[in-house]
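Reader: Hi, I'm new to this structure. Could you take me through one part of it closely, the sheet and what sits around it?

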Amino acid sequence: MTLETRRVGPEAAAEVLAVVKAAFANRPVLDPPADALAETEDTIAAMLGPGGGLLTLDDGRPVAALVLDPVGDAVHLRRVSVDPAAQGHGLAHALVRAALLDIARRGARQVRLLAREELPRTIGFWREQGFVEAGRHAPYVEMARPAPVIVDVPGADDMRDLGRRVAAYLTGGDVLVLSGELGAGKTTFTQGLGEGLGVRGGITSPTFVIARVHPSLGGGPELVHVDAYRLGGQAELDDLDLDTDLDEAVTVVEWGTGIAEGLADARLEVRITRATGQAAAGTETDPEADPRVVELDGIGARWLEVDLRPIG
Ligand SMILES: Nc1ncnc2c1ncn2[C@@H]1O[C@H](COP(=O)(O)OP(=O)(O)OP(=O)(O)O)[C@@H](O)[C@H]1O
Ligand SMILES: [Mg+2]
């Protein structure tokens with residue numbers, strides 16, 4: 001498979017329609033039938049007009065598609081389709097991920113969609129993509145999640161500053177899951193977070209201890225800083241037996257992906273990557289700059305109505 005996902009407009013209506021027809025024809029017959037079955041090239045072109053869509057090609061052959069429909073400060077995903085012949089390769093997940101990043105770059109606040117309540121596996125798929133149930137209008141379940149917020153972070157001081165700004169949104173019980181390669185800036189971010197929360201300092205990589213508790217210097221929540229790099233799994237995180245109540249602390253887990261998800265059904269995922277392309281070339285004032293891109297992604301009902309965009 002040579003997959004390529006591209007942004008398309010009404011000119012791609014025929015290709016999008018082909019994927020939609022193939023995908024929906026394969027679904028169980030529903031009553032009332034899915035609207036997608038009545039779709040034509042014209043209706044798809046009209047739907048693609050306002051916000052376009054995404055089309056995944058496998059060696060040039062259309063295999064997955066969705067429509068991005070802007071409604072207020074949300075973008076609705078419509079006609080999310082994968083050709084049954086290409087299913088089982090993670091195409092749907094990759095397509096949704098591409099859509100979330102596209103929507104984040106457009107500055108929308110929320111992503112919403114309607115799923116049929118008769119299709120629990122479909123609803124389960126959307127939950128895995130960070131969506132929560134936001135309403136029911138039989139036969140539809142309305143699913144929603146906040147759009148991720150993408151922040152360009154030129155240098156280490158900017159990373160600490162980002163941590164300080166994120167701290168303003170946190171309360172006791174919140175869990176942050178930090179990911180990014182060695183030296184990405186996870187601890188640097190946590191230092192800013194600690195400053196913003198007003199906890200006792202000395203935040204360093206907890207290399208030889210797995211977790212450290214930083215008490216509040218004022219009346220706010222304490223900061224529990226966990227390095228899960230050497231933790232085997234969820235059970236061990238529970239077993240740390242920290243002398244503190246995680247329901248009242250802000251917990252930050254470096255390397256927490258795949259481990260911290262069970263700690264709380266809601267979490268703020270902070271994904272740090274090295275900037276590529278133009279942003280990575282440094283700036284005129286600082287040719288040595290080593291910029292990062294940070295994606296803030298709120299998962300679970302806790303974050304659904306929180307507007308993180310001012311951080312960016
Ligand atoms: N734009 C930037 N953002 C963050 N850190 C940067 C940036 N540019 C340079 N740095 C430097 O990169 C290093 C990041 O180290 P840090 O310990 O925060 O990473 P980490 O992700 O916690 O690593 P580890 O995986 O070992 O825990 C620091 O020395 C910091 O000064
Ligand atoms: Mg670290």
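Author: Here's a walk through the sheet, the helices on it and some charged pairs.

This is a predicted model, where local features need pLDDT of at least 70, side-chain atom pairs count only at pLDDT 80 or more, and totals for chains, interfaces and linings use all residues. Residues are numbered from 1 along each chain as its sequence is written, and side-chain values use heavy atoms, with hydrogens and water left out.

Seven strands make an open, mixed sheet, ordered β1-β2-β3-β4-β5-β7-β6. (Strands are DSSP runs of E, at least two residues, and helices are runs of H or I, at least four, numbered from the N terminus; two strands pair if DSSP finds at least two bridges between them.) At the edges sit β1 (3–8) and β6 (132–137), each pairing on one side only.

Further in, β4 (residues 74–82) and β5 (residues 110–116) run parallel, joined by three bridges. One residue to look for is V75, whose bridge partner in β5 is V111. Helix α3 (residues 91–106) packs on the sheet, touching β1, β2, β3, β4, β5 and β7 (140–146). Contact here means heavy atoms within 4.5 Å.

Now for a salt bridge, that is, a side-chain nitrogen of Lys or Arg within 4 Å of a carboxyl oxygen of Asp or Glu. E142 and R112 form one, at 3.0 Å from N to O. E142 is in β7 and R112 in β5, 30 residues apart, so this pair links distant parts of the chain. E142 counts as buried at 14% relative accessibility, and R112 is buried too, at 16%. (Buried means under 20% relative accessible area, exposed over 50%, partly exposed in between, with a 1.4 Å probe and protein chains only.)

Note on methods
Chains are lettered from A and ligands numbered from 1 in the order in which they are written. Axes are lines fitted to C-alpha atoms, for helices over the stretch in contact, and angles run from 0 to 180 degrees between N-to-C directions.
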